[in-house]
Amino acid sequence: MSAEPIGRIRPGVTPARIKGWLWQGLLLFCVVGVTWFFANNTSENLARKSLPFGFDFLGRTAGFDIPFKLVDWAVTNTYARAVYVAILNTLLIAALSVVTATLLGLLLGLLRLSSNWLARTVSVGIIEAVRNTPQLVQIFFFYIAVLQTLPQARNSLTISNVAFLNIRGLYLPTPVWGETAGITAFALLACLIAAVALWHRRVWVKSTWRPAIGAVALILPVMVLVAGWRSGAVAGFDVPQLRGFNFRGGVQIPPELMALWFGLSVYTAAFIAEIVRGAMQGIVHGQTEAALSLGLSRWQTLKLVILPQALRIIVPPLTSQYLNIIKSTSLGAGIAYPEVFQIVVGTVLNQSGHAIEVIIIVMAFFLVINLITSMFMNWYNRAIALKER
């Protein structure tokens with residue numbers, strides 16, 4: 001018989017493993033028992049008050065209007081349609097705030113480390129002022145002190161008589177799509193995918209070919225846009241026009257959307273700026289000295305040496321900030337922005353009386369969106385992590 005290699009642990013049932021199974025079984029029993037207790041208690045209370053439990057109420061007529069929506073809405077639509085409209089509004093403000101907060105936070109973080117005294121001082125002042133005041137107060141500040149002081153429609157602030165800003169919101173022109181719009185959109189999507197693939201593949205080719213491949217990756221989408229424009233993908237633009245006391249045509253961005261967008265973006269950007277600053281200061285200073293000694297400029301050192309390494313430190317805490325943005329969209333109820341909390345928990349709950357079902361819907365929505373965001377950020381974190389040889 002051959003001797004068993006030293007250090008190998010023979011798998012089997014050990015007392016420690018049995019003890020672990022017992023503790024896990026006990027924990028599972030407690031969780032199931034607590035869940036059953038609350039479910040049974042809730043069922044008895046609902047039966048005592050003659051309140052049925054179910055989601056059939058979602059098929060009833062809503063009977064109320066939603067001032068801002070991304071899809072068609074009428075007062076004769078159902079509660080389910082109202083939930084759908086509110087979800088789209090929430091996803092819109094979350095996406096806008098994530099992008100804006102990321103860019104603004106990166107800018108403030110870089111200015112925070114600038115050698116220029118004025119840029120550094122202004123960045124520090126903004127970060128400290130935003131981080132140490134309540135987020136809801138900042139949203140009210142943008143809504144009341146900034147947007148509600150704008151002029152009336154007849155005295156709107158305008159840019160070349162195309163875009164108009166007044167107390168009722170921002171009015172922008174919208175494109176009128178032509179017959180080739182669908183083909184152009186499909187071609188643009190294909191070119192964007194090809195451009196991203198070319199941009200990532202250029203690191204595998206000779207250095208003399210990299211500028212040409214990078215230029216092709218940038219020019220392809222532009223060529224598709226020009227070709228689509230010449231082929232009539234955009235037949236024209238619907239420009240807002242003042243008729244009576246209000247504008248007609250184009251698209252209106254209400255002040256509630258802008259106030260919530262600015263409030264969430266600026267507040268989160270202050271925390272992202274500190275994350276960026278800490279990550280960049282966590283890079284060994286010798287990396288900067290080595291890059292400068294090789295003849296790289298300050299900008300090249302930042303772009304090619306510091307930021308790629310700092311990104312691996314930035315992504316994990318950045319995920320938490322993105323999740324905070326999604327959850328903080330519920331603050332839009334304070335300024336009557338029609339997001340999930342304001343529409344579903346506010347109006348739908350009050351009219352239908354199904355409090356438990358409504359809360360379940362809202363909790364499930366935020367849980368699913370946050371889990372999807374976390375999965376994507378975790379995937380991206382693994383993608384940029386250093387690979388062991």
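Begin by selecting helices α10 and α11, where α10 passes α11 in a right-handed crossing, the near helix being turned clockwise from the far one by less than a right angle. This is a predicted model, in which local features need pLDDT of at least 70 and side-chain atom pairs count only at pLDDT 80 or more, while totals for chains, interfaces and linings use all residues. Residues are numbered from 1 along each chain as its sequence is written, and side-chain values use heavy atoms, with hydrogens and water left out.

The axes of α10 (residues 340-352) and α11 (residues 355-384) come within 9 Å and cross at roughly 165 degrees, which makes the two helices roughly antiparallel (an angle over 145 degrees). Now show the side chains: among the α10 residues that meet α11 are Val344, Val348 and Leu349, and their partners in α11 include Val358, Ile359 and Phe365, where contact means heavy atoms within 4.5 Å.

Next, select isoleucine 325 in helix α9 (residues 298-328). Is isoleucine 325 buried or exposed? Isoleucine 325 is buried, with a relative accessible area of 0% (buried means under 20%, exposed over 50%, with a 1.4 Å probe and protein chains only). Leaving aside neighbours within four places in sequence, isoleucine 325 is in contact with Ala94, Ser97, Val98, Ala101, Leu264 and Thr268.

Finally, turn to the open sheet of 4 strands, which has the order β1-β2-β3-β8 and antiparallel pairing (two strands pair if DSSP finds at least two bridges between them). Its edge strands are β1 (157-159) and β8 (251-253), each pairing on one side only. Select threonine 158, and you will find its bridge partner, phenylalanine 164, in β2.

Notes. Axes fitted to C-alpha atoms, helices over the stretch in contact; angles between N-to-C directions. Parallel < 35°, antiparallel > 145°, perpendicular 65-115°, else oblique.
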